[in-house]
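Let's take a walk through this one together. Keep the viewer open as you read.

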Protein chains: 2
Amino acid sequence: MQLTLDSVLLTDLYELTMLQSYFDTGMNETASFELFVRALPTGRNFLMAAGLEEIVRYLEQLRFTREDLTALSKTGRFSTPFLRSLEHLRFTGDVDAMPEGTVFFPDEPILRITAPMREAQLVESRLMNLAHFETVVASKAARCVLAAPEKLLVDFGLRRAHGAEAAWLSARASFLAGFSGTATLAAGLAFGIPVYGTMAHSYVQAHEDETQAFEQFARSQPANATLLIDTYDTEAAACKVVALAPRLAKDGISIHGVRLDSGDLGEHARRVRRILDAGGLKDVTIFASGNLDEHRLRQLYDDHAPIDGFGVGTRMNTSADAPYLDCAYKLVEYADVPRRKRSEGKATWPGRKAVYRLYRANGVMAGDWVTLARETRDGEPLLEAVMRAGKRCAPPVTLQAAREHARRQLRALPPAQRTLDLAEPYPVAISDGLRELARRLDEGRRA
Amino acid sequence: MQLTLDSVLLTDLYELTMLQSYFDTGMNETASFELFVRALPTGRNFLMAAGLEEIVRYLEQLRFTREDLTALSKTGRFSTPFLRSLEHLRFTGDVDAMPEGTVFFPDEPILRITAPMREAQLVESRLMNLAHFETVVASKAARCVLAAPEKLLVDFGLRRAHGAEAAWLSARASFLAGFSGTATLAAGLAFGIPVYGTMAHSYVQAHEDETQAFEQFARSQPANATLLIDTYDTEAAACKVVALAPRLAKDGISIHGVRLDSGDLGEHARRVRRILDAGGLKDVTIFASGNLDEHRLRQLYDDHAPIDGFGVGTRMNTSADAPYLDCAYKLVEYADVPRRKRSEGKATWPGRKAVYRLYRANGVMAGDWVTLARETRDGEPLLEAVMRAGKRCAPPVTLQAAREHARRQLRALPPAQRTLDLAEPYPVAISDGLRELARRLDEGRRA
């Protein structure tokens with residue numbers, strides 16, 4: 001009863017019942033599916049693509065183990081010849097996608113799978129699960145980065161992330177979007193992300209005396225100690241830090257910082273800064289946490305609160321204001337014929353598409369075009385070849401390089417999109433070729 | 001760069017830096033930490049405890065592998081004697097908790113860890129990660145169950161769940177709360193939860209002809225086929241199903257149901273029901289999906305929409321209206337001395353506590369008491385002994401038994417708490433003994 005993260009059975013049942021049917025009728029022509037978002041969440045001006053690296057890893061290792069096939073056989077839903085056909089199934093298709101960290105907008109495909117139908121259909125559920133969540137977090141974290149430029153932002157979200165993988169991937173996605181590090185140790189070690197930590201209230205409470213707690217902790221972390229000073233009385237604790245510092249300094253121990261975690265963070269920070277400065281502790285940093293999101297960060301930033309860094313947890317990595325995106329993975333072409341879904345309110349643009357981005361002379365984004373893949377346009381093409389015939393086209397992009405790309409993307413956002421206020425929508429135009437194709441398909445279809 | 005779900009390093013860095021300090025000073029007396037929720041999310045009347053079984057499994061297998069210790073050593077933050085002490089660390093403590101499926105309210109401890117301080121502190125991050133998320137999902141799913149009693153409710157949420165473990169645990173937590181099954185195959189197989197599935201729009205789109213798609217699918221799933229009928233025109237597709245059924249029946253194939261996924265679900269369901277009934281398909285069920293939550297379910301239920309079952313995904317398993325709980329894992333006693341945090345707006349009740357529940361003669365819940373563990377009260381004690389000295393007190397509760405407990409709990413909820421409207425808060429009283437202890441601690445503490 002253990003979850004295996006790369007299990008091919010981590011999918012919706014219907015992927016496999018559809019595959020059984022495709023097997024029965026011999027349907028396995030080339031299919032193209034595109035992943036896109038239908039609409040921005042309320043109050044958002046842009047999204048940031050993420051999750052591609054995990055998706056490629058998933059596709060590379062995709063296979064049915066003997067145990068998987070036995071489990072499927074026991075359900076009684078699948079034929080033996082079909083299950084045998086799965087033994088050798090691998091992902092042999094193509095992937096085109098926006099690089100991680102790319103800013104994007106509704107109706108723009110961020111990823112396309114082109115593969116034999118059964119492969120392209122099978123991977124839908126987990127591919128969406130990965131792309132959706134990392135994009136959710138990167139998009140939220142990017143707003144925090146824009147709200148508090150140059151500040152140290154640390155992912156503090158493990159405890160209220162939605163399970164282990166959410167914590168793991170949100171450490172990655174927030175760093176990609178510009179965060180400075182994470183408190184989640186395993187993720188930091190695995191991804192090479194700087195790991196930060198302070199102390200808990202329980203540590204202070206366990207000691208009879210707050211000063212004693214501070215001293216013990218600093219002696220155990222002689223270069224790195226950040227002391228949590230709000231357990232009882234924030235300003236009184238700041239005074240204790242001032243009194244303690246000279247005693248520690250004699251032993252060559254310096255206090256790195258103090259952390260605030262409750263009350264009016266800006267007001268406490270100002271008072272604590274005064275106490276520390278008056279006590280000769282100008283180098284001791286102030287770190288704040290507690291229910292932070294981009295709006296609280298912006299407010300503290302605009303108020304010039306003397307806070308050097310922030311622990312941003314729950315509201316960032318659950319993306320509390322928009323915990324999901326209205327995204328879809330839709331068939332756009334099968335057997336060389338463009339396809340279109342027309343469900344009410346959910347119609348999709350048909351055919352394999354490209355996205356081009358135009359820039360102003362100053363490097364700021366001016367507008368995007370969504371076109372048919374075979375159309376040519378001026379502008380920067382946003383989708384790149386990632387896999388061909390099941391193999392990567394290039395070595396994995398390092399997280400550091402993806403982060404640098406994200407930084408450049410945020411810098412190129414139009415000023416209106418960079419604010420936390422709702423802006424006029426960024427212009428995304430649909431090409432005439434695409435409109436014409438959609439019209440032809442609608443006319444041509446027999447009811 | 002793989003996530004290991006039961007890794008002890010899946011924790012916040014500060015747990016380990018605190019442990020280093022506790023090691024340096026030899027502090028390892030018995031500590032009691034309690035997990036509780038500070039406040040209900042806006043619009044909610046109750047919460048449902050879940051996640052205990054995964055927590056016990058986590059505690060049972062807790063250990064540092066050689067690789068973990070090597071990785072920690074490389075960070076340069078920890079002393080060799082300390083790392084050596086971790087080699088033999090196991091969870092040797094006690095766990096008291098509300099059984100999974102228990103309804104609870106703010107300020108009530110749902111779980112208590114009593115263990116040597118280092119063990120009790122170390123487990124904080126992952127323990128909260130597990131308890132928080134499953135409780136979030138069970139609480140949301142329970143509202144869906146109350147909103148549409150007797151309807152088939154299926155977890156459809158893998159694709160927009162926050163990563164793999166979120167999908168996995170939400171299949172479990174929603175079934176616990178009363179859902180009928182899940183579409184997530186691996187979770188269904190692992191937990192013994194019924195697995196449901198239909199077909200995707202892509203399947204219909206890939207075929208030149210909708211009727212052909214329906215027929216192929218039904219022939220591949222001769223007993224189980226649920227046909228998705230909203231790809232182009234819902235009512236036209238229902239007519240195609242009626243025309244197709246006699247042809248399939250000749251071969252002994254029956255269509256199980258149809259699925260609606262867009263538009264006005266209630267209105268489409270009424271029209272489709274009429275078409276199916278007029279076509280002699282009274283036994284073909286109608287299943288609906290698409291942006292459902294407890295409010296949409298209640299509306300369709302109250303409107304008597306002829307819908308037999310619902311696929312409830314994203315909004316349930318991201319708990320979209322309340323994606324996180326204001327929960328905390330707080331030290332309440334150390335070395336036999338009760339402890340209390342007094343941070344602004346975050347003060348906690350000290351000491352090891354019990355929760356008692358009173359019932360009316362008709363079995364409906366009348367009110368809860370939070371008391372000191374050593375006080376005795378009338379009523380049903382809600383916290384049970386789960387582990388003693390690191391061992392389970394009893395074999396694991398089956399998911400089916402926990403689900404039955406949850407069902408009884410929901411039945412005992414006061415009528416006001418069972419509605420989706422915000423009710424008067426359920427009465428939770430704090431005992432005089434607990435108030436007195438808090439007062440004494442506040443008075444006794446030197447500033």
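What rotation, and how much shift along its axis, superposes chain A on chain B? A rotation of 180° with 0.0 Å of shift does it, at an RMSD of 0.0 Å (copies are superposed by least squares on the C-alpha atoms of residues with pLDDT of at least 70 in both). That is the relation of a two-fold axis. The same surface serves both copies, too: 100% of the contact residues of chain A recur in chain B, where contact means heavy atoms within 4.5 Å.

Some ground rules: this is a predicted model, where local features need pLDDT of at least 70, side-chain atom pairs count only at pLDDT 80 or more, and totals for chains, interfaces and linings use all residues. Residues are numbered from 1 along each chain as its sequence is written, chains are lettered from A and ligands numbered from 1 in the order in which they are written, and side-chain values use heavy atoms, leaving out hydrogens and water.

Now the interface. Chain A puts in 106 residues and chain B puts in 106 residues. Between them they bury about 9,600 Å², 55% of it on carbon and sulfur atoms (buried area is the accessible area, 1.4 Å probe, that two parts lose on being put together, summed over both). Eight salt bridges are counted between the chains, each a side-chain nitrogen of Lys or Arg within 4 Å of a carboxyl oxygen of Asp or Glu. One of them pairs E15(B) with R159(A), at 4.0 Å from N to O. Helices (H or I, at least four residues) and strands (E, at least two) are DSSP runs, numbered from the N terminus.

Next, look inside chain B.

Finally, switch to chain A. Three bridges join the antiparallel strands β3(A) and β17(A), with D96(A) opposite A385(A). β17(A) and β18(A) then form a hairpin with two residues between them, and A389(A) in the turn has a positive phi of about 50°. Across that pair, M387(A) stands opposite R392(A).

Notes. Pairing = 2+ DSSP bridges.
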